[in-house]
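Trainee: I would like to learn how to read a protein model. Could we go through one together, step by step?

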Amino acid sequence: MLALFPNCLEIRSLKSIAALVLLPIILTACSTMNINIPAIGAATDGARLPGKVIWHELLTDTPAETQVFYSELFGWEFENLRDEKINYLLIRNQGTLIGGMIDQTRLPTTADISQWVQLLAVSDITAAADLVKSQGGTIFTQPTSLGDRGLISVVADPQGGLFALLETPDGDPEDTEGIPMTGGFLWDELWTKDIDAAADFYSKLAPYQVETKNLGDADNSVSYRVLSSQTQRRAGIRENPIDGLPTIWVNYLRISDEHELNSILSKVESLGGEILVPATERPGGEKIAIIAGPSGAGIALQTWADDRTAIDVEVK
């Protein structure tokens with residue numbers, strides 16, 4: 001899923017994840033109220049897979065419209081928790097849990113913090129948070145219990161890219177063969193101004209092996225870093241293609257083919273969303289696009305055929 005954007009295309013807006021600094025408000029409330037967030041729910045054999053992205057959260061200030069948007073585009077289902085005190089919905093894609101949604105309008109802030117954020121598995125969250133701080137990153141939330149979900153800490157890497165650490169109570173979701181279903185999360189990619197420094201930081205945070213790739217042709221080459229752990233490719237790092245955009249993690253949803261991608265894009269604006277990057281071909285023949293939902297939270301779409309395996313996901 002290497003996103004190559006010739007001339008940066010015309011990305012007019014993409015939510016900065018920097019607003020995530022307000023997420024500790026949510027977590028503090030959960031901790032003091034003893035709120036229990038359900039476990040991720042994927043199968044686990046009890047093993048730890050540090051470095052794997054195991055969950056995605058969506059903060060939105062248009063919760064009703066956002067549910068309609070994703071339901072119509074991908075068939076997602078949103079499930080309220082039984083405890084009405086909890087400002088949280090589970091997201092299912094074809095029955096499989098893939099993420100959660102938080103209603104920003106129920107938070108004590110008027111700032112626009114609508115965005116997607118990823119959760120990175122760690123085996124020792126205290127040690128991981130300490131490592132972030134020692135390397136010049138920022139800890140916005142000290143390790144906080146979310147009950148069955150485990151311990152979470154909201155952090156930023158030394159260049160300001162925000163994400164969350166998660167130590168699950170009983171082990172991380174197992175790696176599976178093949179690729180996610182259409183509408184599932186396929187890849188996660190860091191856009192930053194210093195890819196070598198970023199690769200160095202993340203390889204200290206998790207047991208990543210780092211591969212260097214040069215993608216594109218001689219006239220439009222992009223240097224790329226692939227992060228792998230437990231023999232699986234986990235994420236990528238590329239130079240930020242947009243002037244003035246802060247360091248940001250970009251999350252990709254899998255789309256089966258170009259026809260389906262075009263069909264999805266044809267509905268985005270009528271559902272209150274926006275096409276930030278139109279369908280664009282990348283090396284290998286696959287296509288990407290970036291859209292924003294009604295709240296403005298951006299997410300990338302990547303075509304990926306059924307006969308392609310997870311292991312070749314970022315190199316062909």
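What follows is a set of questions and answers about this predicted model.

Trainee: Let's begin with open space. What volume does the largest pocket have?

Mentor: Here is the idea behind the search: rolling a probe the size of a water molecule over the atoms shows where empty space is left. For the largest pocket in this model, the computed volume is about 990 Å³.

Trainee: Which residues are the closest to the centre of that largest pocket?

Mentor: The lining of the largest pocket is made of 33 residues. Strands E1 (53-60), E4 (96-103), E10 and E13 (232-239) each give two or more residues to this lining. By type, the lining divides into 18 nonpolar, 8 polar and 7 charged residues. Closest to the centre are Lys-52, Val-53, Thr-176, Pro-180 and Phe-185.

Trainee: How do the residues lining the second largest cavity divide into nonpolar, polar and charged?

Mentor: Let's look at who is there: the lining residues include Val-53, Leu-120, Phe-163 and Trp-249. Gln-118 is also one of them. The lining divides into 8 nonpolar, 1 polar and no charged residues.

Trainee: Now for charges. Which residue forms a salt bridge with Lys-52?

Mentor: Side chains of opposite charge can pair when their charged atoms come close. Lys-52 sits in the loop between helix H1 (23-32) and E1, and its partner lies 123 residues away in the loop between strand E9 (162-167) and E10. The closest N and O atoms of the pair are 3.0 Å apart, and the partner is Asp-175.

Trainee: Is Lys-52 buried or exposed?

Mentor: The cut-off for buried is under 20% relative accessible area. Lys-52 has 13% relative accessibility, so Lys-52 counts as buried.

Trainee: And how is Asp-175 classed, buried, partly exposed or exposed?

Mentor: Between the cut-offs of 20% and 50% lies the middle class. The relative accessible area of Asp-175 is 30%, so Asp-175 is partly exposed.

Trainee: Which residues are linked with Asp-175 in a network of salt bridges?

Mentor: Arg-234 also forms a salt bridge with Asp-175, with the closest N and O atoms 2.8 Å apart. This pair links distant parts of the chain, as Arg-234 is in strand E13 and Asp-175 is in the loop between E9 and E10, 59 residues apart. Arg-234 is buried, with a relative accessible area of 8%. The residues linked with Asp-175 in the network are Lys-52 and Arg-234.

Trainee: How many salt bridges does a search of the whole structure find, and how far apart are the closest N and O atoms of Lys-287 and Glu-258?

Mentor: The search of the whole structure finds 10 salt bridges. Lys-287 in strand E16 and Glu-258 in helix H5 are 29 residues apart in the chain. Lys-287 counts as buried at 18% relative accessibility, while Glu-258 is partly exposed at 41%. The closest N and O atoms of this salt bridge are 2.9 Å apart.

Trainee: Glu-189 is buried yet has no salt bridge. With which side chain does Glu-189 make a polar contact?

Mentor: Glu-189 lies in strand E10, which spans residues 185-192. The nearest side chain of opposite charge, Arg-238, is 5.4 Å away, and the cut-off for a salt bridge is 4 Å. At 2.7 Å, the side chain of Glu-189 makes a polar contact with the side chain of Tyr-252.

Trainee: One last topic, the backbone. What is the phi of Gln-94, and what is the phi of Thr-231?

Mentor: Most residues other than glycine have a negative phi, and most peptide bonds are trans. Gln-94 is in the loop between strand E3 (89-93) and E4, and Thr-231 is in the loop between strand E12 (222-229) and E13. Neither is a glycine, yet phi is positive for each: about 50° for Gln-94 and about 65° for Thr-231.

Methods. Residues numbered from 1 in each chain as written. Predicted model: local features only at pLDDT ≥ 70, side-chain atom pairs only at ≥ 80, totals over all residues. Heavy atoms only, no water. Helix = DSSP H or I, 4+ residues; strand = E, 2+ residues; numbered from the N terminus. Buried < 20%, exposed > 50% of the residue type's maximum accessible area, 1.4 Å probe, protein only. Lys, Arg positive; Asp, Glu negative; His and termini not counted. Polar contact = N/O pair within 3.5 Å; in protein donor to acceptor, adjacent residues only side chain to side chain. 1 Å grid on protein atoms, 1.4 Å probe; cavity = no way out; pocket = protein on both sides within 12 Å on 5 of 7 lines; lining within 4 Å. Points joined across faces, edges and corners; volume = space filled by probe spheres on them. Nonpolar A, V, L, I, M, F, W, Y, C, P; charged D, E, K, R; others polar.
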